[in-house]
Amino acid sequence: MKHVLYLLLPALFCCVWAVPESSVEFERHVIDAEFPNGYQVSVADVDLDGKPDVIALSTTPSQLVWYKNPAWEKYTISSQTERNIDAAAYDVDGDGDHDLALACEFDLGDSTRGGAVFWLECPEHPETQQEWTIHRIDAVPTSHRVRWADVEGDGRKELLNLPIIGVGAAPPDYAVAVQFKAYTIPKLPRDDTWKQRSMGGHLTMAHGLRVVDWDNDGREDLLTASFEGVFLHVGPTGGGNPEGLQLGLGDRGPRPKQGASEVALGALRTTGGRFIATIEPWHGHQVVVYTPPTPERLPWDRTVIDDTFNDGHALDVADLDGDGDDEIIAGHRGAPYGLFTYRRAGTPSGWQRFPLDLSGVAAAGIFVADLNQDGRPDIAATGAATNNVVWYENRGVSPA
C-alpha cells in the first residue's frame, strides 16, 4: 500500500474547472488525398534538414511512406513489407539519422503466424533511395504496437513490442495473455541477435501503449490499455510488481467490447496534477478521463466525457492553447467520422468538446508535433475509410 500511495501522491490536484473563454483555431491541410486505408502516422526529421516530416503507413493495401516538410512530397520507405500495423522512429545504428522499427504481417484472425518485427535502416539520401534496408528482429503473432523507451534506466532505449492478442487466442474472449517483449539493441544491430525479455504476461487484447515518465525520475515508464483496463508499468521491474498497477478499470462490458483501447497521460500544470485519457471499450464509443481520488486509492475515478464515437481509434493529449493544461484530442474511424478536441470546462463531465474535423478524416491514428515550427502543437492524422493523410495547423487562440 505504501508503494501505491507513492505512485498516487504526485497526481493529486484540486478539481477546480475553468469555463473556457476561448478556443483554438485550426486550419486543415491535406498531405495526401489518395492514401488508401491509412492506419498510423508519426513524425520525425527523416532527411535531417531541421524540419519534422510525416511518416504514414497502411495495412491493406500496404504502404510505408514519408512526406517531406513543407511541400509534403511523398517518398517510399519500403514496398517489401505487407500488412503493416505500426512504426516508431529511432536512431538504431547510431549514425545520427532516424531509422524505423516496424511491426507488420498483422492478422487479427490468425494468432499463430506472422507478426514480424523489423528495423529499417535510413539511407544517407532518403529522397533518392526509396527502399530502405530491412533487418529482421523477431516475429510474434499479432505484433501490434512498437515503441522506443529506456525502461532499463541505463540511458539507452529498448524496443517494445506489444502484440494485440496472445498466441492461439480466438474471439470473442481472446482469453490468452499477450507476449509483451522488450528488445535490447545489440552492439552490431545489423548482424547480432537482439536480446529480448518479457515485460509481463497477464494482458489480453492489449491495444494501447504509451511511454511516460510517471514518477519524474528520468526513467521511462509505460501505460497500457487492454481488456484489463489501464495499467501502469514502472521501471525495469514494474516497481516491485511486474504485472503493473491497475489505474483504471475500463469499460466492464462483455468481451470483446471491454476494457480500454487507447491511453494517454495528460498534465494539469496549473494545479500540479494530471489525468489519464482513454478510448473505451476496445474500438469503443467512449472518451474517458481518469483522475486520482481523495483519499488516495486505486483504481482512479472514471468519468465518461463523450459516448458518441463509432470505432474510436485515435487519441493524444497536448497543451493546444498554451494555458498550461493539456487538452485531449480523440477521433473515431467509423461513420460519421469525427475528430475532436476536449478542454477542461464547467460542464457536468468537467470537459467541453470542440469539433476539429467532421466527416473529413476517419481518424485511425494521430500524432501531435509542431509541424510548421511556430511554437504551437499541430496535429497529423491518417484517415482509414477517407483514404487520406491530413494535418491541422494550430492557428492559436481566438475569442469564443
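Predicted model: local features only at pLDDT ≥ 70, side-chain atom pairs only at ≥ 80, totals over all residues.

Colleague: How many salt bridges does the count come to?
Modeller: The count is 27 salt bridges. The rule asks for a side-chain nitrogen of Lys or Arg within 4 Å of a carboxyl oxygen of Asp or Glu.

Colleague: Which residue forms a salt bridge with D316?
Modeller: R210 does, with the closest N and O atoms 3.1 Å apart. D316 sits in strand 22 (residues 312–318) and R210 in strand 14 (residues 208–212), so this pair ties together parts that are 106 residues apart in sequence. Strands here are DSSP runs (E, at least two residues), numbered from the N terminus.

Colleague: Is D316 buried or exposed?
Modeller: D316 is buried, at a relative accessible area of 11%. Buried means under 20% relative accessible area, exposed over 50%, and partly exposed in between, using a 1.4 Å probe and protein chains only.

Colleague: And what is the partner of R269 in its salt bridge?
Modeller: D326, again with 3.1 Å between the closest N and O atoms. R269 lies in the loop between strand 18 (262–268) and strand 19 (273–280), and D326 in the loop between strand 22 and strand 23 (327–332), so the pair ties together parts that are 57 residues apart in sequence. D326 is buried, with a relative accessible area of 6%.

Colleague: What about R376?
Modeller: R376 forms a salt bridge with D374, and the closest N and O atoms are 3.2 Å apart. R376 is partly exposed at 31% relative accessibility. D374 is partly exposed too, with 31% relative accessibility. Elsewhere, salt bridges that share partners join D47, D49, K68 and E127 into one network.

Colleague: Switching to the backbone. Where are the cis peptide bonds?
Modeller: One runs from T60 to P61, with omega near -5°. P61 is in the loop between strand 3 (53–58) and strand 4 (63–68). Another cis bond runs from R255 to P256, with omega near 10°. P256 is in the loop between strand 17 (245–248) and strand 18.

Colleague: Which residues other than glycine have a positive phi?
Modeller: E105 is one of them, with phi near 50°. E105 is in the loop between strand 7 (99–103) and strand 8 (116–121), and is partly exposed at 21% relative accessible area. N216 is another, with phi near 55°. N216 is in the loop between strand 14 and strand 15 (221–226), and counts as exposed at 65% relative accessibility.

Colleague: Now sheets. What is the strand order in the open sheet of four strands?
Modeller: The order is 2-3-4-5, with antiparallel pairing. Two strands pair if DSSP finds at least two bridges between them. Strand 2 (38–44) and strand 5 (73–76) are at the edges, each with a single partner strand, so one side of each has no neighbour in the sheet. The twist averages 25° from one strand to the next. That angle is between N-to-C directions, on a scale from 0 to 180 degrees, for axes fitted as lines to C-alpha atoms.

Colleague: How many bridges join strand 3 to strand 4?
Modeller: Five, and the two strands run antiparallel. V54 has Y67 in strand 4 as its bridge partner.

Colleague: Is strand 18 enclosed or open?
Modeller: Six of its seven residues are buried, so strand 18 is largely enclosed by the rest of the structure. Seven bridges join strand 18 to strand 19, running antiparallel. V263 stands opposite T278 in strand 19. The two strands form a hairpin with four residues between them, and G272 in the turn has a positive phi of about 75°.

Colleague: Last one. What is S23 in contact with?
Modeller: S23 lies in strand 1 (residues 22–32). Leaving aside neighbours within four places in sequence, S23 is in contact (heavy atoms within 4.5 Å) with F354, G396, V397 and S398. S23 and S398 are 375 residues apart in sequence, yet 5.8 Å apart in space, C-alpha to C-alpha.

Note on methods
Residues numbered from 1 in each chain as written. Heavy atoms only, no water.
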